[in-house]
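Here's a quick tour of a structure for someone meeting it for the first time. Have a look at it first, then read on.

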Amino acid sequence: MDIVFPRRCPLCNEIVIPKEEKACKQCVEKLPVITGSRCKRCSKPIELEEQEYCFDCIKSTRHYEKGFSAFLYEGSIKKSLMDYKFRGLKQYAEFYTEQMIFHIGSELRKLKVDCIIPVPLHNRKMRMRGFNQAELLARGASEFLGSPLINDILIRTKYTIPQKKLDDKERLHNLLQAFTTIKEKEFQIIDKKILIIDDIYTTGSTIEACADVLLKAGCRSVYFATVCIGKGF
C-alpha cells in the first residue's frame, strides 16, 4: 500500500520521506506555531505583553473557561485544513492530532477534563462531507488524554451558512439556537468538565454557542482545543 499510495505531506502534498513521518520536516518547521503573549481566555496571540485579553474576548461574553490552539490560521496549515474538510482528506487528522499533542498537550492534561465532545455537524453537511472533521481530532485527543469521547449528546439542529462569509455579529446570530443536547443523555455530562474539540477558532462564536448549551444542560465547566486560531487584536 505504501508503494501504490505513498503518504503525502498534508502541507505540500509531496511524498513524505522517510515514510514513517506524517509530514515533511521542512514543512513542519515553517508552521506558524503560537508563541509569546496569549489571551488568558481564548489563547490568541496578542501584541502587547501587558494586555491580558484579546479584542474579541474583551468585547464578548464567554461561557467557556479557557482554550488552546497550536497554530495561527494562516499559510500552509490554513490551506491544509481546507483540503482536509472539503476534499475529504481524512488521513490528515492523524498529523493534526500529533501536532496538537506536541504543542498544547501538556496544557490539556492540566485541565483534567472528564470527557471530550467534538463540535457537531448538521446532518445535511455530514452527508455532503462524509465525516465530521472535529470528531476525528477528538478521537485522537481522547486517546491521548484518556478521557471518554461523547459524540451523541450535543447535536446541530440548524443548518447554517459558512461562518467565513459573515462578520462577528452575523456569526453569532447565525449560530443562535443552532445547537442543542439530547435530553435523555444529559446525565453523561452533569457536573463534568468538558473539552470541546474543533479544527479552527476564529471569533469563537461556534465554541461559545456549544459551551452555552452544554452549561445549560448541567456540565460544570467547558474548555476548548483547536488546531488553529485566528489572530488577536
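## Cysteines, a buried strand residue and some charged pairs

Cysteine 27 counts as buried, at 14% relative accessibility (buried is under 20% relative accessible area, exposed over 50%, partly exposed in between, with a 1.4 Å probe and protein chains only). This is a predicted model, where local features need pLDDT of at least 70, side-chain atom pairs count only at pLDDT 80 or more, and totals for chains, interfaces and linings use all residues. Residues are numbered from 1 along each chain as its sequence is written, and side-chain values use heavy atoms, leaving out hydrogens and water.

Cysteine 24 is buried too, at 8%. There are zero disulfides here, a disulfide being a pair of cysteine sulfur atoms within 2.5 Å.

Phenylalanine 224 sits in strand 6 (residues 221–229); helices (H or I, at least four residues) and strands (E, at least two) are DSSP runs, numbered from the N terminus. Its relative accessible area is 0%. Tyrosine 64 is 160 residues away in sequence, yet the C-alpha atoms are 7.7 Å apart.

Now for the charges: the structure has 15 salt bridges, meaning a side-chain nitrogen of Lys or Arg within 4 Å of a carboxyl oxygen of Asp or Glu. Among them are these:

| Pair | N to O distance |
|---|---|
| Glutamate 98 and lysine 22 | 3.2 Å |
| Lysine 59 and aspartate 56 | 4.0 Å |
| Arginine 220 and aspartate 191 | 3.5 Å |

Lysine 59 and aspartate 56 are about one helical turn apart because they are three residues apart in helix 2 (residues 55–59).
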